[in-house]
Amino acid sequence: MATDTLGAWRSDGAARWLFIWPAVVLILALSLFPLVASVALSVSKLVFNPGSVDLDFIGFFNYQELLFGREKSHFLGVLKSPTAIGWAILIGTIALAAIAWVRAARSGRVSPVGLALRLVGGIVLAGFVWLLVQTLASEGGRPGSLVVTLIFVFGGILLQLTLGLGLAMLAVQLVPWRRFFRILFLIPLTITPVGVGYMFLMMTDTSKGPFEPLWVALGLRNFTWVTDPWLARLAVIIGDTWQWTPFVFIVLLAALESLDQEVREAALVDGASRWQSFRHITMPALLPVTTTIVLIRIIEGFKIIDMPNILLGGGPGTATQSMTLQAYIDWNTLNLGRSAAIAYLLLILVSVVATVYVSFVRRRVTELA
Amino acid sequence: MSRYRMVAAAIIPILVLTACNSSASPSPSSPAASTPAASTSASAPAAAASQGTKFKGANVNILTFNGPQVAEPLQRRAPDWAKLTGGHVNVVAVGFQTIYDKALLDASTGTNSFDGYVFDPQWMGDFVTPGYLLDLTDREKNDPQLNQQDIVPFFRDYNSVYNGKNYTIPLDGDFHMVYYRSDLLTKDGLKPPATWDDYLTIAQKYNGKDLNGDGQPDYGSCIAKKKGAQSYWWIISVAAGLLQGKGTSDGAFFDTSNMNPLFGKNDAMTLALQTYAKTATFGPPDELNMDVGGSRGLFTTGRCALTMDWGDIGTLTPGTYAQDKTGATITPGWKQVLDRASGKLVPCDATTCPDAVDGVNYAPFGSFGGWSGAINAKAPKANQDAAYDFLSYMSAPAQSGIDVTLGKTGFNPYRTSHFTNTAPWLAAGLSQAATDNYLGAIKTSLDNKNFVLDLRIPQTKQYEQDVLDTAIAQYLAKELDEAGTEQAIADGWNAITDQAGKDKQLAAYVASLGIKK
């Protein structure tokens, strides 16, 4: 009998109960509870009552305030009628989305549900472009934290990909000190983002920073990165790029080193130029890993806070205030409900962008490769 | 079977090690457990007991700022207090932004792991209303060690008081003053700025000139205007003299009769905003991104003719270029004041500005209010007594008289004895002339009956650090004009007031000003 009991305990079923379920319950509790709790927080406000501090239910007021109310100018931005270029961009986007949808419908390969989802995706895309042109391509418009976040994410990723690929292409060559440079390029990735923020804070300080003599020698005594909104955003993107390019570099370097050199050599023997070899052999081979890098950076990039906060405090004005920074400021000033609402809107935004990217871009690129 | 043995063999040492670690770790109730690196213990109670036994066995946890200022004097003096009383103090030091959240969470969840706090008295509104702070009125009144009558009236009767009761023990006297290069002004026969117009005139005169002999042009004015830092406090100082004319209880933030924001649409606010923006034209190019560390660095290296700061500049100048070249003066005022009924500016006279000096309405601003000690109302009685005694010991003239002269403490003068006993100031490196000038400016400010009390009502952080800071940053960055800024502040403040309950907020504001209705 005792042997049977021991046998039962040793069975796979017992192992599942003993080892898997506790882990599953723990993970669910740790990930689901904060999700549910933050939903509850996003529909409530903090109230100081005699004898207690309470959370009162206020419905969707926090969301309404961000999207349509008093905080709209900070979250979405100041929306003005687009310029001619803005209209052209909007109309062009809608036209392209419509053509793509019609082609999908005519192909007969997409199910009705797929078509409906594509229609929703097209409308969301047009909405985003409408927001972008109203804030960026208009007279008197100003981007809010949502658009600023998009600028940081996509501007940063573009620079990081370009630089990371360039560095990887250099490091894969048989150049002297190759190993040294590989390690050197990796260093920024090992520094905490707060440290990077403070380092760039010092470097961009033109009145007393370490580069002050350089600015003075170049006749840029009164130049500053931090009073012009676009220069300030550029400073944030440069800092973020400095930190994250090594990540792109190391992954692309690994991908480059795993490429079959014989194919490239055969192409060169057959008369292909270096550019043709890169364009038609190296790039397609790198595309799958590149799309994965972009996906990871999109998800990570939307959470940007250290650099704009430490470097500029979200300023000048609200020029570098990302969504996460706005949520942080709200949390810090005890507007817990609005902070949670921003966090949820960010979650939705990241989910939409990542889903669209995976569904429409990554799959096709991988197929192409 | 061997697989299970291996797993067991791996698990058993881990469990044993964990058990050993657990027994060596502080108990979960000890806040030191959460921030061991930041916590400093006083000498062991057993060792202390040989000299003092008043609080023998008491183990007091005090939450404060990790500075290193503020925590430094508490940590330095905790062993001395332990020797005197046999008590034991854990100073749990955390980041500035964390103190409030940690204290509120600890009290509101009933954890009560902290017996006392050294924090911002602005937060009293949020802590007193739910009943988290101990009423210290009688203790302070009857405490010979504290010597309450030595504390200057503003900090004793306003800053540490909420709704007529004392809830905090002052450890620091914080308010704004203007600092100027006394060598330059003396050489040119100029007087320190009495009004904000004077300030702009002097700033313009020296802007672009070499002020420290390094051959490089320097700046007329350096004021930290970074968003998310101290910018919103300076605009209050600029506006204060236009908004408050009839003494501290008049209030500078809201109309005490109807809770209408004074920082809304009116001529006073327009003039204050324009003046604040003009100071930036005589400052460093990156002033919009400069916090107080930056402005202090520029002033002490001789690169600015004027700056606005708390009392810290006075104790930071010894050993720098600005030593014995620095003068301090009361924050400049205005010759006009807001008529709250019409929203227009009216000249200062005996009715509109009864405390004006030479027709100038000064309104020195007690921004932040100064680090203050408070006691957790739910802490065990023995710990409350010990925590109170430690904070009282810290504030006592013998200790605070030294601490306020040291730049590393972050504490500024707040007692009469701090002004009458100049020996510690001279010992700290200030010359007699610099000491007299510095203490004179502080005393002039503190003696002013129109001293402005910082906002101390529930949701203060939202009013100031969110709405006001954002609107001012947008104005300085030219995202908003004067009208738009005033509208944004008024709308934001009204929204917070309405959400929290207008009557409740008005009652809290009136209570914070010590008004009895």
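The model is predicted: local features need pLDDT of at least 70, side-chain atom pairs count only at pLDDT 80 or more, and totals for chains, interfaces and linings use all residues. Residues are numbered from 1 along each chain as its sequence is written, with chains lettered from A and ligands numbered from 1 in the order in which they are written.

**The sheet**

Select β9, β10, β8 and β11 of chain B. In that order, these four strands form an open sheet with mixed pairing. Strands here are DSSP runs of E, at least two residues; helices are runs of H or I, at least four; both are numbered from the N terminus. Two strands pair if DSSP finds at least two bridges between them.

Color the edges next: β9 (219-222) and β11 (326-330) of chain B each pair on one side only.

Zoom in on β8 (177-181) of chain B. Five bridges join β8(B) to β11(B), and the two run antiparallel. Pick B:V178; its bridge partner in β11(B) is B:T329.

**Helices across the sheet**

Show α9 (196-206) of chain B. It lies across β8, β9 and β10 (304-309) of chain B. Then show α18 (432-447) of chain B, which lies across β8 and β11 of chain B.

Jump to chain A. The peptide bond from A:G315 to A:P316 is cis, with omega near 0 degrees. A:P316 is in the loop between α14 (306-312) and α15 (323-332) of chain A.

Back in chain B, select B:V70. Its phi is positive, about 70 degrees, although B:V70 is not a glycine. Look for it in the loop between β2 (59-65) and α3 (71-85) of chain B.

Finish at B:M259, also not a glycine, with a positive phi near 65 degrees. B:M259 sits in the loop between α10 (231-243) and α11 (267-281) of chain B.

Definitions and conventions: Two residues are in contact if their C-beta atoms, placed from the backbone, lie within 7 Å. Axes are lines fitted to C-alpha atoms, for helices over the stretch in contact, and angles run from 0 to 180 degrees between N-to-C directions.
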